[in-house]
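Please read this briefing alongside the sequence and the 3D view. The points are grouped by topic.

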Amino acid sequence: WDGPALICFTDGTGVGASLDRNGLRPCRFYVTKDKKIVLSSECGVLPQIEPEDIVQKGRLSPGKLLWVDFASGKLLGDIEIKKDLAASQPFGQWLSEQSLSMEQLLKASGA
């Protein structure tokens, strides 16, 4: 089954959210002056938040991620999350060291 889905998750060091690739479920968020984040499929779910207390408004796009790092207090967006993950391991080196061409595969199989 392929959505609509908004998934929230945590590993104890932060909290994140991801929207399915079709984006059929809206996901909006507010960040307040006192560093709270409100994430919901609808705007205004907490009417006691005054507009002047909101420092950032946003929405998740289809297939995108959002992460709040508890230690740093930072809100990370999709590009920053994926950039950090890509830099966390030597994926390019592994790819160049472990890749086989079709020619190599055919030769190894005796075809």
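Q48 is found in the loop between β4 and β5; helices (H or I, at least four residues) and strands (E, at least two) are DSSP runs, numbered from the N terminus. At 59% relative accessibility, Q48 counts as exposed, where buried means under 20% relative accessible area, exposed over 50% and partly exposed in between (1.4 Å probe, protein chains only). From Q48 to K36 the distance is 13 Å in space, C-alpha to C-alpha, and 12 residues in sequence.

The model is predicted: local features need pLDDT of at least 70, side-chain atom pairs count only at pLDDT 80 or more, and totals for chains, interfaces and linings use all residues. Residues are numbered from 1 along each chain as its sequence is written, and side-chain values use heavy atoms, with hydrogens and water left out.

**Confidence**

- The chain has a mean pLDDT of 89, and 96% of its residues reach 70 or more; pLDDT is the predictor's confidence in each residue, from 0 to 100.
- Confidence in the chain is highest in β6, at 95, and lowest in β4, at a mean of 90.

**The sheet of three strands**

- Three strands form an open sheet in the order β4-β3-β5, with antiparallel pairing; two strands pair if DSSP finds at least two bridges between them.
- At its edges are β4 (37–40) and β5 (54–59), each of which pairs on one side only.
- From one strand to the next, the twist averages 15 degrees; axes are lines fitted to C-alpha atoms, for helices over the stretch in contact, and angles run from 0 to 180 degrees between N-to-C directions.
- β3 and β4 run antiparallel and are joined by four bridges.
- Opposite Y30 stands V38 in β4.
- Leaving aside neighbours within four places in sequence, V31 is in contact with K36, I37, D53, I54, V55, Q56 and L75; contact means heavy atoms within 4.5 Å.

**The sheet of four strands**

- A four-stranded open sheet has the order β1-β2-β6-β7, and its pairing is antiparallel.
- The edge strands here are β1 and β7 (74–77), each pairing on one side only.
- In this sheet the twist averages 15 degrees from one strand to the next.
- Strands β2 and β6 pair in the antiparallel sense over five bridges, and the bridge partner of V15 in β6 is V68.
- Helix α1 (residues 78–87) packs on the sheet and touches β6 and β7, its direction making about 85 degrees with that of β7.
- Strand β1 (residues 6–10) runs antiparallel to strand β2 (residues 14–19), and five bridges join the two.
- L6 has L19 in β2 as its bridge partner.
- The hairpin formed by β1 and β2 has three residues between the strands, and G12 in the turn has a positive phi of about 95 degrees.

**Nonpolar core**

- The largest nonpolar core has seven residues: A17, L19, C27, F29, V31, L60 and L66.
- At least two residues of this core come from each of β2 and β3 (28–32).
- A nonpolar core is a set of buried Ala, Val, Leu, Ile, Met, Phe, Trp, Tyr and Cys residues joined through side-chain atoms within 4.5 Å.
- In soluble globular proteins, nonpolar side chains tend to be buried together.

**Aromatic pairs**

- The structure holds two aromatic pairs; rings of Phe, Tyr and Trp (its six-membered ring) pair if their centres lie within 6.5 Å, and planes under 30 degrees apart count as stacked, over 60 as edge-to-face and the rest as tilted.
- F9 and W67 are stacked, at 6.0 Å centre to centre with 20 degrees between the planes.
- This pair links distant parts of the chain, with F9 in strand β1 and W67 in strand β6 (residues 65–69), 58 residues apart.
- F9 counts as partly exposed at 34% relative accessibility, whereas W67 counts as buried at 15%.
- F91 and W94 form an edge-to-face pair, at 5.4 Å centre to centre with 85 degrees between the planes.
- F91 and W94 are separated by about one helical turn because they are three residues apart in helix α2 (residues 91–98).
- F91 is partly exposed, with a relative accessible area of 43%, and W94 is partly exposed, at 39%.

**Helix α3**

- Zero of the eight residues of helix α3 (residues 102–109) are buried, so the helix lies largely in the open.
- After α3 comes G110, with a positive phi near 80 degrees.
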